[in-house]
Amino acid sequence: MNEIAPQVGLFDRALRRIANVWREMGASVGREADDSIAGQMRACLAGRGGEVSARNRAAKLAQTYLLLDDAGRREFLRTLASFDVDAKALNTAYEAMRGADDPAKLVRARADLRRVLEPPRTRLLTQFASIPDGVKFLVDLRASLLDLGRDDPHLAGLEYDLKHLLEHWFDLGFLELQRIDWSSPALLLERLAGYEAVHEIRSWRDLKNRLDSDRRCYAFFHPRMKLEPLIFVEVALVSGLANNVQVLLDPKSPGADPHAADTAIFYSISNCQRGLAGISFGNFLIKQVVELLSQEFRNIKTFATLSPIPGFRRWLDARLADPDGGALLPEEEAANLLKALPGEKTAQATLAAALKRRGWQRDPVVSKALEPALTRLCGRYLLLESNPHKPGRALDPVAHFHLSNGARIERLNMFGDLSERGVKESATLMVNYLYDPAKIEAYHEDYAGEGKRNASTSVRRLARGWN
């Protein structure tokens, strides 16, 4: 078969396999005096028996969670969250520290306070990490907490504790950077296809093309999640800056000699584990891959992306909907938009109407008339528009990601993504972000410290004249 199996089927099989392992481990524990969920949690915390018994109890509790429906899982998490800090013990420890009258007593009192400040639920979470696939279980558990915690304040503290643990366990020093190629395990390749979040992998042929000799794919892995990528980047080794993703990913195009290429194009970066949201790996991934490619290919001199602009149309549509929004410059109001697309009173209204027409990007007259205004508006969006909640930070999330990592905005490409998604999200525009190894750190400091967005002269020219 040419089609790749749906990712949900893959996860269902993995879930059934690990559930069977946990059931076998839990069966050796037998029934507790109180076999309710809270009773099982108390038994785990009591720690009767040795390490094997502790792991088996944790496996039984994890398997109990897997068997619950959505409502049951919410109640499970609320029960887990209830194993919080003992307020009475905390007050006692705090008063003991305040009353310590010599250095030795103060050291002991502070240690006691730190111990009391750790909620019992943290020890429960740590026990899950000791069972087979337990770390992955905790990552998925946090993904559920991120959804449920938005409207359930009882779960916010539990989510905070779990994130704190994961931040330590997924420190960069523990991660392994690996190349994924066509010889990688089939299960990993299947997962790679399912996790691809930027440009859908439609078939095994498509996937094989992305892992060909002139392509590279690298991912971070955790030692306790060996076949579960955390984040991966796909790279094409080409000549010159790529300007169209459909051409770049065409499975029918012949492979090129990577030793004749002069440019590495990062065209897709996908985070794979939602439960690790807020724990950043992307900046380290790109920098390490740049170093690896520089060592492998002395002929590669340019490192750049071909990136989507997912927030552009949303921002643009809002501007065009406001008759007083001043979306276009005076010279654009007097340009050829009205002549090419008669029927509207203003060029702004003409542009708004044209973008609503299905297939406008395939009409040479319409697309040519729209290109100058769309390109300039996109330049403004990337260079000048800021996140209202984080002043100085780029409004577009992909722009923020790459600028934070030390890239500069190099070139805008009209008709860079002609897919339905590309038309809907970015009016076909894509952008090249350039990673100059000699300037990555300086550009990162510019953006992180001053909010400065470095860009090429051609892109910066697009923002001139805007307020």
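Helices H2 and H4 cross in a right-handed sense, where right-handed means that the near helix is turned clockwise from the far one by less than a right angle, and left-handed anticlockwise. The contact involves Ile37, Ala38 and Met41 on H2, and Phe76, Thr79 and Leu80 on H4, contact meaning heavy atoms within 4.5 Å. Five of these residues are nonpolar, one is polar and none is charged.

This is a predicted model, in which local features need pLDDT of at least 70 and side-chain atom pairs count only at pLDDT 80 or more, while totals for chains, interfaces and linings use all residues. Residues are numbered from 1 along each chain as its sequence is written, and side-chain values use heavy atoms, without hydrogens and water.

Two packed helices are described by the angle between their axes and the distance between the axes. H2 covers residues 37–46 and H4 residues 70–81; their axes lie 10 Å apart at an angle of about 40°. The pair is therefore oblique, as angles under 35 degrees count as roughly parallel, over 145 as roughly antiparallel, 65 to 115 as roughly perpendicular and the rest as oblique.

The chain as a whole holds 22 helices and nine strands. Its C-alpha atoms fill a box of roughly 80 × 55 × 45 Å along the principal axes. Of its 467 residues, 48% count as buried, that is, under 20% relative accessible area with a 1.4 Å probe. Among contacts between residues at least 6 apart in sequence, 74% join residues at least 24 apart.

The average pLDDT, the predictor's confidence from 0 to 100, is 88 for the chain, and 93% of the residues score at least 70. Over residues 5–11 the value is below 50, and this stretch has 10 contacts in the model beyond near neighbours in sequence.

Terms used: Axes are lines fitted to C-alpha atoms, for helices over the stretch in contact, and angles run from 0 to 180 degrees between N-to-C directions. Helices (H or I, at least four residues) and strands (E, at least two) are DSSP runs, numbered from the N terminus. Ala, Val, Leu, Ile, Met, Phe, Trp, Tyr, Cys and Pro count as nonpolar, Asp, Glu, Lys and Arg as charged, and the others, Gly among them, as polar. Buried means under 20% relative accessible area, exposed over 50%, partly exposed in between (1.4 Å probe, protein chains only).
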